[in-house]
Amino acid sequence: MTAAAWSPGIAVRMARVTWYRHRGALAGIAGLFALPAAVVLAEGLAMRSALGGLSRCLMTDAQGSVCAGWPAWDGFLNRSWYVDDLAQAMNVLPLLAAMFAGVPWLTREFETGNFRYTWVQGIGRREWLLGTFGPLAATGAVAAAVGGLVFGWWYQIAQWPSSAFPYGGWSWVPFGLVPEVAVGWTVFALALALPVALLVRRTVLAMAACAAGYSAVFTLVNWRLRDWLVSLAPAIARGHYPNQIAPSWNDLFLRGWLAGPGGNQASSRVVGKLNGLTGTQADRWIAQHHYVYLVAYQPHDRLQLFQFSVAAVLLAAAAAMTLAACWLLRRHPAE
Amino acid sequence: MTVIEAQRLGKRYRNIWALRDCGLSVPAGHVVALVGPNGAGKTTLLRLLAGLAAPSAGRLRVLGGCQPGSVAAREGVSYLDQQMPLYRNLRVRDLLRVAEAMNPRWHGELAEARLAALGIPVRRKAGRLSGGQQAQLALTLAIARRPRLLLLDEPLASLDPLARQDAMAALMTSVAEDGLSVVLSSHVVPELERVASYLIVLSGGRVQVAATVESLLDTHRALIGPARDAARLAEQVPVVTVSRAGRQAQALARTAAAPSGWVGRPVTMEELVLGYLREPTARALPGPAVTR
Amino acid sequence: MPTYLQLVHQVDYALRLGFLAAGDRLPRIKDVTRSLAVNPDTVMKAYRELEVRGIAAGRPGLGTFIVAAPDVAGLGEMTALQRKLVSWLAEAAAAGVDELGMKALFAAALRDFHHGGSAGGHLPGREVGDRADGAA
């Protein structure tokens, strides 16, 4: 007699039941991403038509400086676009999906004891978890991926009139919206809803707890993890004192410093002296004394690597949340 | 087939043993009444049988050797608890569809026929049915997946007498037609004699009684005799309980014939169960189980 | 009173009042189970008791049928028969046969009686007319 603890076939059957019972909530998740995506799509089309032939120029000219000389450019920049607000608002979508679509149906399952109906039908806890979370995560992932792809298309042009993200995708707003990272956030938010709903059975409280947890992780990832990641193995190049910019406009500047002939950093006395000189005088002094101004930066072609790293961390966190939910299910004596 | 087999089964929650040293060997095809005071371990035993909790000690097997909670066991075991679980926001026919999606061996015609016979409207939401109808619906959904063991943790407790009778009738019909084994945790002692064919009495986490109703009724007698002989009775026959009222004494004893000086009559299930419940140290267990 | 005995008495009264007659089929076990919400084992026990009392007989695949109404014979005959039976029981007890053995003897004799007709001495399983040497 086989002692198999669970069967994938039964989990799939549970998933079909979840699709059927919660098709409204799943459609809501899709709609949640589709609506802003539609707005973004509309604005992107408007931008491209306002630029005319300039848009093709912008995509080939990495600097945008040549294209910026065209007269259509000023008209394009002076129009008011919703760019900044839109992109920032879209970062909240994963949390909204989890709070309004994920949490309520889970807390209701536990509150009403509907969850126990699966025992009548011989469905075990692990199969319930997989069969419930599976459709949820799949819908969220697909919706987030599509939203992310639309965002990326829009961002190519939208990055120019925006003041919020001038660095070619490194700032947290566009970083969080590329497909892989958006999927990571969405799957994590939905996975977070599971243990939260299990621990906090009341719907409104659970939604608040989910928001709090997500906000904490959001802050940690965007202002600790990312900063730490991008500080690893930076590229070094010569810069022009005292400009704090990286070689290319869409690289991420980390820091610049003046290095003396021995290789060590220039003292504050030297820096103070250079501050009193004009630009050309300072250049001459630096060359004469064999100093060199170096900048540490992350090249633009590494951006995607970082995006995938953060997405991987988020998916690992989602897996941890799912395991926590599994553990909680087993420990709770009434379940 | 031995539908439930337990050897030295125990379950501990923190430092409290909810079940201790339980031995059971229940053949298939019985309606097992599970009786005992609150906190005696009835729900714990049912949860162990359903595979919702794992034993802390000993060994438990269901359906002739399956481990409870394994896929094979869950296919043949249904567990209905007190709250009569249903998806209450779904219509009855959607519930049937959902149940069909959940079970490969679903017998839809049986379920539909039964619901039609009971007059349960198929288009209504489950939450808007009466308590009795919900119980019948939950039972139908459990039975139509053709389990071989049905575990009921007092799910009929909140029903009015008529609804309870109807639900019991449905249950008994399934037992007759499909050879279903049922474990029914119940407080309603008077109905046990009509409904149960096997009795398990739990007390303080231990098995006090585990035998077929027929053998229990054959091997026990209600005795009446003079109160002055009451003290000596225990030396003559195994006594379960003895009580005195004036010059007369009444006793429940495990014997086929009354000893001299006493008058015996067959005992009812109600008297038997109440007698054992009053005397938690008394035991009526079968002999050593056949080892395989 | 145990439930199965209640069922037996119901059949008994139905016979006495004329609602049931010899040759009628008793309801199927699962129909009784459904209408009375009673364990099927209990119904089976009742039917077995009816068979033991000679009121009913089970035919495999067909059901349980009423064979004879109680008190078919006159009261005087019944008393005489009972007295004969009691003396037989005393004889058996004296020979050391216990209650179970007595029941077995009676059941075997009843079977013989059904198969072999009045001559007696036929082993169960043989039909009337079989020759002792087995030729057709």
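This is a predicted model: local features need pLDDT of at least 70, side-chain atom pairs count only at pLDDT 80 or more; totals for chains, interfaces and linings use all residues.
What percentage of the 136 residues of chain C count as buried? I looked this up first, and 18% of them do. Buried here stands for 20 or more other C-beta atoms within 10 Å of the residue's own, with C-beta atoms placed from the backbone.

I number residues from 1 along each chain as its sequence is written, and chains are lettered from A and ligands numbered from 1 in the order in which they are written.

**Chain C**

I found 5 helices and 2 strands in chain C; these are DSSP runs, H or I of at least four residues for helices and E of at least two for strands, numbered from the N terminus. Their order from the N terminus is α-α-α-β-β-α-α. I then checked the domain assignment, automatic or from a database, which gives domain 1 (3-66) and domain 2 (75-116) for chain C. Of the contacts in chain C with a separation of 6 or more, 44% come from residues 24 or more positions apart. A contact means C-beta atoms, placed from the backbone, within 7 Å.

**Sheet in chain B**

Next I traced an open sheet of 3 strands in chain B, with order E2-E1-E4 and antiparallel pairing. Pairing requires at least two DSSP bridges between two strands. Strands E2 (16-27) and E4 (57-62) of chain B are at the edges with a single partner strand each, so one side of each has no neighbour in the sheet. From one strand to the next, the twist averages 20°. I counted 8 bridges between E1 (residues 2-13) and E2 of chain B, which run antiparallel. B:Tyr13 has B:Ile16 in E2(B) as its bridge partner.

**Where the chains meet**

I went to chains A and B, where 25 residues of chain A contact 30 residues of chain B. Helices H1 (8-21) and H7 (117-120) of chain A are the elements giving two or more residues to chain A's side, and H1(A) gives the most, with 6 residues.

Which helix gives the most to the side of chain B that touches chain C? It is H6(B), with 8 residues. That contact takes 14 residues from chain B and 12 residues from chain C. Helix H6 (161-178) and helix H7 (189-195) of chain B each supply at least two residues of chain B's side.

Methods
Two residues are in contact if their C-beta atoms, placed from the backbone, lie within 7 Å. A residue is buried if 20 or more other C-beta atoms lie within 10 Å of its own, exposed if 12 or fewer, and partly exposed in between; C-beta atoms are placed from the backbone. Axes are lines fitted to C-alpha atoms, for helices over the stretch in contact, and angles run from 0 to 180 degrees between N-to-C directions.
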